[in-house]
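Subject: Handover of a structure, with notes on what was found

Dear colleague,

Please find the structure below, followed by my notes on it. I would be grateful if you could read the two side by side.

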Protein chains: 4
Amino acid sequence: MTGYRAEKDQLLRRLRRVEGQIRGLQRMVDTDTYCIDTLTQVSAATKALQSVALQLLDSHLAHCVHDAIAGGGTEADLKVAEATQAIARLMRT
Amino acid sequence: MTGYRAEKDQLLRRLRRVEGQIRGLQRMVDTDTYCIDTLTQVSAATKALQSVALQLLDSHLAHCVHDAIAGGGTEADLKVAEATQAIARLMRT
Amino acid sequence: MTGYRAEKDQLLRRLRRVEGQIRGLQRMVDTDTYCIDTLTQVSAATKALQSVALQLLDSHLAHCVHDAIAGGGTEADLKVAEATQAIARLMRT
Amino acid sequence: MTGYRAEKDQLLRRLRRVEGQIRGLQRMVDTDTYCIDTLTQVSAATKALQSVALQLLDSHLAHCVHDAIAGGGTEADLKVAEATQAIARLMRT
């Protein structure tokens with residue numbers, strides 16, 4: 001059902017680290033940290049989130065899209081179109 | 001010292017909402033949510049983080065950079081160079 | 001060999017339009033157009049280039065990656081890894 | 001009127017280089033270059049365009065926004081809001 005089954009623990013660790021970065025940002029804002037330093041931390045958290053996205057996408061292509069294509073039929077085309085739309089959403093953020 | 005003083009509560013609310021999105025993502029991964037739905041949520045959290053960045057940047061320009069320029073001297077040039085570098089980091093993520 | 005064979009004419013039309021946008025930008029700079037208006041045109045050209053990227057990626061997945069998977073073997077894994085790396089490069093720009 | 005007056009020649013050289021990259025892309029598509037190599041060149045052209053954007057933005061802040069603030073009045077607030085909107089457009093592409 002999901003492509004990331006084998007990487008679940010790693011993904012959860014990464015997401016917990018992002019959660020820590022977001023909480024760190026709240027502390028920075030709460031203690032009046034200089035705007036530019038806060039922005040640097042926002043960039044770091046955004047980069048970490050995008051790495052999670054890339055890992056999800058990679059495992060999705062390697063498993064879900066892969067299996068749909070190997071299985072043949074029209075399912076494969078739907079999966080490719082769906083993946084392209086997800087990539088478009090990621091590129092626009 | 002910080003440009004976002006007047007918007008601190010709003011920024012903290014936004015960051016708590018992003019934290020909620022990141023925790024939501026952990027639940028999604030933990031319950032084996034379909035990759036594409038998880039990716040859609042990653043895009044939403046990234047977009048929310050970038051809105052926080054834009055608000056920080058806007059208040060930084062309107063206050064810190066503004067005051068440095070209004071105060072005159074070389075401080076103004078340093079502030080503009082620093083802001084451009086922060087924008088470059090945001091555009092590259 | 002290429003996934004975009006059937007869409008070659010459309011891709012070339014799009015790229016010629018981007019070339020026109022870049023030449024338009026040169027005229028804007030040459031005639032001292034206001035910075036913000038020039039920046040708006042840079043955003044438009046960047047968006048157009050990213051649409052070209054998405055079309056190339058979509059046809060690459062639908063043809064090259066598809067055929068490698070349907071053909072079986074280790075070629076499929078290489079193609080997926082290569083596609084993920086290309087997506088990572090696009091997301092970082 | 002424009003912030004980039006002193007950098008006009010450099011900006012025009014950069015834009016002519018981007019134009020060369022776009023024409024190179026047309027040749028790549030025309031000669032059926034492998035999708036991934038074409039995508040790498042799209043990423044390079046996008047990165048070059050974003051550097052042009054950053055240079056325009058930097059000189060806009062250092063001159064147009066600077067002068068509006070130094071001149072005092074409500075013009076300064078308008079210039080900052082306008083710059084933030086331009087940055088938002090760049091971050092969304």
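Helices (H or I, at least four residues) and strands (E, at least two) are taken here as DSSP runs, numbered from the N terminus. The model is a predicted one, in which local features need pLDDT of at least 70 and side-chain atom pairs count only at pLDDT 80 or more, while totals for chains, interfaces and linings use all residues. Residues are numbered from 1 along each chain as its sequence is written, chains are lettered from A and ligands numbered from 1 in the order in which they are written, and side-chain values use heavy atoms, with hydrogens and water left out.

Confidence

The predictor assigns the complex an ipTM of 0.95 and a pTM of 0.94. In terms of pLDDT, the predictor's confidence in each residue from 0 to 100, chain A has a mean of 95, and 100% of its residues reach 70 or more. Within chain A the lowest confidence falls in helix 3, with a mean of 93, and the highest in helix 1 (residues 8-30), at 98.

Two sites in chain A

Ala68(A) belongs to helix 2 (residues 35-71) of chain A. With a relative accessible area of 9%, Ala68(A) is buried; that label stands for under 20% relative accessible area, exposed for over 50%, and partly exposed for what lies in between (1.4 Å probe, protein chains only). If neighbours within four places in sequence are set aside, Ala68(A) is in contact (heavy atoms within 4.5 Å) with Glu75(A), Ala76(A) and Lys79(A). Between Ala68(A) and Val80(A) there are 9.2 Å from C-alpha to C-alpha, the two being 12 residues apart in sequence.

Thr2(A), by contrast, sits in the segment before helix 1 of chain A, and at 9% relative accessibility it too counts as buried. Apart from neighbours within four places in sequence, the contacts of Thr2(A) are Cys64(A) and, in chain B, Asp32(B), Thr33(B), Tyr34(B) and Cys35(B).

Salt bridges

Over all chains, a search of the whole structure finds 20 salt bridges, each defined as a side-chain nitrogen of Lys or Arg within 4 Å of a carboxyl oxygen of Asp or Glu. Which partners does Glu19(C) have? Within its own chain it bridges to Arg23(C), with the closest N and O atoms 2.9 Å apart; because the two residues are 4 apart in helix 1 (residues 8-30) of chain C, they are separated by about one helical turn. Glu19(C) also forms a salt bridge with Arg23(D) at 3.1 Å, N to O, and this pair crosses between chains, from helix 1 of chain C to helix 1 (residues 8-30) of chain D.

Arg23(C) in turn meets Glu19(D) in a salt bridge, again at 3.1 Å from N to O, and since Arg23(C) lies in helix 1 of chain C and Glu19(D) in helix 1 of chain D, the pair joins two chains. As for accessibility, Glu19(C) is buried at 8% and Glu19(D) is buried at 7%, whereas Arg23(C) at 35% and Arg23(D) at 36% are partly exposed. In chains A and B, salt bridges that share partners join Glu19(A), Arg23(A), Glu19(B) and Arg23(B) into one network.

Positive phi

Most residues other than glycine have a negative phi. Asp32(A), although not a glycine, has a positive phi of about 55 degrees; its place is the loop between helix 1 and helix 2 of chain A, and it is partly exposed at 27%. Asp32(C) likewise has a positive phi, near 55 degrees, in the loop between helix 1 and helix 2 (35-71) of chain C, and is partly exposed at 25%.

Cavities

A cavity is a set of points, on a 1 Å grid over the protein atoms alone, where a 1.4 Å probe fits but cannot get out, and its lining residues have an atom within 4 Å of a point. The largest cavity is lined by 14 residues, of which Thr93(A), Thr93(B), Thr93(C), Met91(D) and Thr93(D) are the closest to its centre. Helix 3 (75-92) of chain A, of chain B and of chain D each supply at least two residues of this lining.

The lining divides into 7 nonpolar, 7 polar and no charged residues, with Ala, Val, Leu, Ile, Met, Phe, Trp, Tyr, Cys and Pro counted as nonpolar, Asp, Glu, Lys and Arg as charged, and the others, Gly among them, as polar.

With best regards

Key: On a 1 Å grid over the protein atoms alone, a cavity is a set of points where a 1.4 Å probe fits but cannot get out, and a pocket is an open set with protein on both sides within 12 Å along at least five of seven lines; lining residues have an atom within 4 Å of a point.
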